[in-house]
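Biologist: I am new to this structure. Please take me through the terms used for it and show what each one rests on.

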Amino acid sequence: MVIRIWSLFKKDLLLELRQKHSFYGILLYVASTIFVLYLSMPDSPSADVWNSLFWVIQLFVCVNTVAKSFLQESRGRMLYFYSICSPVEFILAKLLFNILLMGLMSILSLLLFYTFLSNPVVEGLKFFGIVLLGGASLSLVFTLMSAIAAKAQQNAALMAILGFPVILPMLLLLMKLSKAAFGEVFKEGAVLQLAGLVAGLDVLIIVLAVILFPFLWKD
Amino acid sequence: MEVPHLHILNETIRNLYFHVCMWFGMMILFIVSFIYSIKYLSSGNLRHDIFAKTYAITGTVLGVLGYITGAIWANYTWVTDQSQSLGSILKEPKLIGAAIAILIYAAYFVLRGSFTDMDKRARVSAVYNIFAFAMLFPSIWIIPRMVGSLHPGAPGSDSGNPALSFNDIDSKLRVVFYPAVIGWSLLAVWITTLKIRIELLRDKDLISK
């Protein structure tokens, strides 16, 4: 099972490496959005503004990055996967790949934010961890949403409609959590509790994906 | 009925019979809808899909009503001086959570509307309903417990309920409150069963017994 998940994962990675245009497309998207922010924002936005802008950008980057994970699979190819592997393996490979991709994008947009906008983050390492955790959570939710939206025909718009209300609680938690890295004082253990909550939600989403995806899969 | 006369609340305290009970009803209906979605996925019977859909619709209506009654209540109790607008007050974590809950179900109906094939619609929307219900919990049960708010039942009160602390309700209110919870829920269930019967009649030919 692990071997098959690995080979599906490798297949996604190879596809991404061979068809570089979509990858570069997202890179350009990230860079240009942040550059627009740089042009339109005052020189050093306050920590709160910086934080909320960062997460909003992450949200949209995630929508654009993860959306295509199910859209690019043609009908025939899906049928082929159906015959060679189980749905659980397939969704796990997709989740894994999207987490990796989103992690990469998160790091990139973090670097760009540091370069173009000022750097109000006090505890860089902690914020880095939160960003990775947040990127993983966002991509988990949107992978499942993309799987659902792929079943309906008007994909991209529907995915935004489905995903945004569902992602909001997660995003609120992440924004609150990341304030810890901006030097805001939290109650003893509250940061760990929040991080635990986000991680718990991630686990919940993975479990739901494993349970529910087989129903989406058969047609 | 006699009600306790409290500072600020005054006669608006009677809104408890509407506002709180509607949220109770909404939650109950969403749970029922969730259960029918699971039943649909395990059985594949289209009846269960109709049940899940109609319970979600009535639940959302109750949720909207609960939000409106809450906003009216806030207008009379939370607005302290004239310069404060209601809009700025409604930016409360608990109200945001409630709005998210309604939005999630609105998205559920949009998803349903985007399919033409009945079986596919039933299956995919059941999956979304289960997932949405799971994400509902952080937004209305977990986050409100962690942040301060004007709304009753904020952190610090050990009532273990994000919306109100049960110890605060006067026994004179309880006389009406408990029947009202049951009454609103049953009213909603009754409306739902009517709608279900209409739908079942309409799709009589499609649904296997």
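Biologist: Which residues touch the most other members of the largest nonpolar core?

Modeller: This is a predicted model, so what follows describes a prediction. The residues are A:V141, A:I148, A:L162 and B:I104, in a core of 104 residues. The largest share of this core, 15 residues, comes from α1(B).

Biologist: What makes this set a nonpolar core?

Modeller: Its members must be buried, must belong to the listed nonpolar residue types, and must be joined through C-beta atoms within 7 Å. A:V141, as one of the 104 residues, therefore meets those conditions.

Biologist: Which residues is A:V141 in contact with, leaving aside its neighbours within four places in sequence?

Modeller: A:V141 is in contact with A:G163, A:V166, A:I167, A:M170 and A:I205. The word "contact" is used because the C-beta atoms of two such residues lie within 7 Å.

Biologist: Why is chain A called as compact as a globular protein of its length?

Modeller: The globule rule gives 17 Å for 219 residues, and the radius of gyration of chain A is 18 Å, which is close, so the description holds. The C-alpha atoms of this chain fill a box of roughly 55 × 40 × 30 Å along the principal axes. Its secondary structure comes to eight helices and zero strands.

Biologist: How do you know that the length of helix α6 of chain B agrees with its number of residues?

Modeller: At 1.5 Å a residue, its 32 residues (171–202) should span 46 Å; the end C-alpha atoms are 47 Å apart, which agrees.

Biologist: Why are some residues of α6(B) called buried, and which are they?

Modeller: They are B:W184, B:S185, B:A188 and B:T192. Each is called buried because 20 or more other C-beta atoms lie within 10 Å of its own. What covers them includes α1 (16–43) and α2 (46–77) of chain B.

Biologist: What is the average pLDDT of chain A?

Modeller: Chain A averages 84, and 99% of the residues score at least 70.

Terms used: Residues numbered from 1 in each chain as written. Chains lettered and ligands numbered in written order. Predicted model: local features only at pLDDT ≥ 70, side-chain atom pairs only at ≥ 80, totals over all residues. Helix = DSSP H or I, 4+ residues; strand = E, 2+ residues; numbered from the N terminus. Expected span 1.5 Å × (residues − 1). Buried ≥ 20, exposed ≤ 12 C-beta atoms within 10 Å, placed from the backbone. pLDDT = per-residue confidence, 0-100. Rg over C-alpha atoms; globule rule 2.2 N^0.38 Å.
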